[in-house]
Amino acid sequence: MMVSANRFRSIGWIALLLVCAAGVMVLAFRVNALRSQVHRTEQQIIALRKEKLYLETEVETRANQQQLKLWNDVEFGYVAPTAGQYLANERQLAAFAKPDGPDAPAPIRVASADDAVAAEAAFPSVLSDLAGAADIAAPVAASDEGEKAAARPADAAERASATANLGARLAMVTPLKKDGKDKPGKHKAGKSDKARDGDRKAGLAKSAKADAARPGKGAKLAAGKAEARPGKSAKSTKPAPKAAKGGSKTAP
Amino acid sequence: MNSLTASAAIATGRVQLANVRQNALVTARLRALWIMLLFVFLALTACVRIAQLGLFEQTPERTSLAEALLPSRGEITDRNGVALARAFASYSLWYNPKALGEGGAPLVKTPEEVARALVGIFPDADYADLVTRLKAGKPCYLRRRVLPEDANKVFALGEPALEFPREEQRFYPQGSLAAHVLGYVDEAGKGHVGMEQVLEPRLLDPAYRGTPTALSIDARAQGALEDELGRGMMETMAKGAAGVILDADSGEVIALASLPSFNPNRSDLAYNDLVFNRVSNQVYELGSTFKPITIASAIDAGVITDLAVRYPAHPLQVGKFTIHDSHNFGASLNVPEALIHSSNVVTAQVADKLGPVALKRTMEQLGMNERPTIELPARGFPLWPHGGGEGGKGDWARLTTMTVSYGHGIAVTPLHLASAYAALVNGGLWRPATLYKVDPAHLPPGRRVFQASTSARLRQLLRMIVADGTGRKADAPGFRVGGKTGSAEKPGSGGYRKTSLIATFAAAFPMDKPRYVVIVMLDEPQATQQTSGQRTAAWNAAPIVGRLVPRIGPMLGVVPDAHHDVDISDLSPLVGSGDGE
């Protein structure tokens, strides 16, 4: 009985040993398989990096300074920007604004839940990063807002982000395209005031109607118009309050 | 009986059969055993191999990712990381006559036809040379560097003997851009001329060559400088041109060009006279561009305290020698007028009052008596005027002092002048020019040559020269350029040659807070229609700066501003108007 128990135990040990050995074997196999996979991936990475370097060099060669200059001479004719194309500070930017005409209404301000719209409408201290004057104006804005900022840090943060956004907006081209709906540039140029007023009237009436159906859009549109044309005549602004009204319905 | 015989017959048959069966069984077992042994052996072998593969096998010649991607020679970039020189596996054109087997013709077509086709693909190839090489039947390179599209065209010729091995070579993606700064690498892999030679140990060191080495050069500014210099050179039919843009505060070389240039990608053709660097290696008498240095030295020494003091402007007799001006500027000039009209006579008088000791000290402090301080291997030694005393080390003679004051009798490289102008406008600190990128927080200490107040005064004066004087054509709107023209006759046999000039314009911008110094020099410019029939720097070198500054300014962070300028209101009442050299 004792013998058979001993034998049984040793058989058990051997079986356990065999199982462990098999387990180690399997593990080792898997590790090595993974290792060779890694190696293959490394090889792929090396090949791809070399290919990337090759393509990069080709692009750099095709677009080298001399080649770009030739293309510019023949095709594009770009020239360096002149002094007139830079704005040094917000005063220079403000100098481009048209002064308010006689009997001009106060600019319409519309409440909005959209933070981005609010930040844009707030129009904090205007500074172009291009002119490198941002650091001068940031403290000015901060001191103006000093007390409020202490009370409402969230508001201050919003303003700071809006300032940064403005710098970015001035430096970028895309936001201008986005505002293209309002076309402030188009109004400035060419057309006589009368004709323009007529156009605007029709356009605004239409938009006011549309706003009744989709009031959410009206708020933005009206805000945009108020910003774009602060100096418009009293006659032409008639439909605008409607639009504003339509918008304010949805405003919380 | 029948049955007995039959049974006996059966019995014997049975015995025999049993034997046969026995034998067959043994054979079958043996065979089965053999086959089993074979299977066991195969299985064991397979197991051993699997275990070997699975447990112990290491991939042969395993290299790490970094090692495999380590270039054979380190990359050189500009200050913004644009690759200027790179180890690159490019195609070569190799002629292997044995590609079609031993014996028989190595080429499908005749050598003449193949050579003609190759010349059609590579127009600069030498037809006769190709024919001889193809006929010789020896393996050789037909061309070292071939573009992939050209390689495709050669492949389309259908000649198996023309092979395209890819070899790691030095490649300059920007072509001849900054060729004198970079230099080139020869076929043996050795760097020559520029930073390829200077940086060779670092570029080849496995510890460093993985990371690109950044130079202080800005590829865009370099391109603009070479372009404008080339245009100026063409318009004036000059023999050569040189230009350098220096960071006024740190001494970093932003661009350095010497024209005509060479193509470092063709290292086989690169070694010729064009590798000579006019900016750092050739010394010139740079003429009137030295006048602001003299005036600064005089203001610094307290010799000029009142800029309104007038000096006689008649030709000045010194011993046997007479100092003239290019025009007659009237009876007298004050110092601002002398600079604006570039008067040799007045500058010489100021230098005479200053004395040889002070002027010589200033020139020495500006490094004019030694090779220019830059990493490039080719640096010219200035022609430093001999003084009196033992070994010419004493004080300069009176006439020497006077001629040096307006840039004659002393010949330095344009790089010397650039470093001197940087010290002139940056507040008075001279720093060595460098081609390495300098961290603005760790600027070298610099050597004080002028007081800050002197530098401020000079900024006003240099700005006035461009606003009202000989440098008007360099006045890029909004960039507040200040500078000085210099037109020196080249010395030839029997004195100075009237028609061989070195026209220089030394400028800095923006003058209210100078960031960059620009030196432009033309070697023997001719009087052409573009320069209104003039040879002097005001008509050929100054316009180059006037076109160059608006191109590089915005790229280098200088915003043009028409509402800013250095205040010259205290000096402008002192100045009349007129023209000078």
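A residue is taken as buried if 20 or more other C-beta atoms lie within 10 Å of its own. By this criterion, in the predicted model, 8 of the 8 residues of strand β19 (residues 516–523) of chain B are buried, so the strand is largely enclosed by the rest of the structure. Burial holds for both faces of the strand: Y516(B), V518(B), V520(B) and L522(B) point one way from β19(B), while V517(B), I519(B), M521(B) and D523(B) point the other way.

A hairpin is formed by β18(B) and β19(B), with 6 residues between them.

A contrasting setting is found at P160(B), which lies in the loop between α5 (148–156) and β4 (162–163) of chain B. Beyond its sequence neighbours up to four places away, P160(B) touches A99(B) and L100(B). Its C-alpha atom is separated by 8.2 Å from that of N96(B), 64 residues apart along the chain.

Finally, the contact between the chains involves 25 residues from chain A and 28 residues from chain B. On the chain A side, α1 (2–62) and α2 (65–76) each give two or more residues, with α1(A) giving the most, 12 residues. This side comprises 11 nonpolar, 10 polar and 4 charged residues.

How values were computed:
Residues numbered from 1 in each chain as written. Chains lettered and ligands numbered in written order. Predicted model: local features only at pLDDT ≥ 70, side-chain atom pairs only at ≥ 80, totals over all residues. Helix = DSSP H or I, 4+ residues; strand = E, 2+ residues; numbered from the N terminus. Contact = placed C-beta atoms within 7 Å. Nonpolar A, V, L, I, M, F, W, Y, C, P; charged D, E, K, R; others polar. Buried ≥ 20, exposed ≤ 12 C-beta atoms within 10 Å, placed from the backbone. Pairing = 2+ DSSP bridges.
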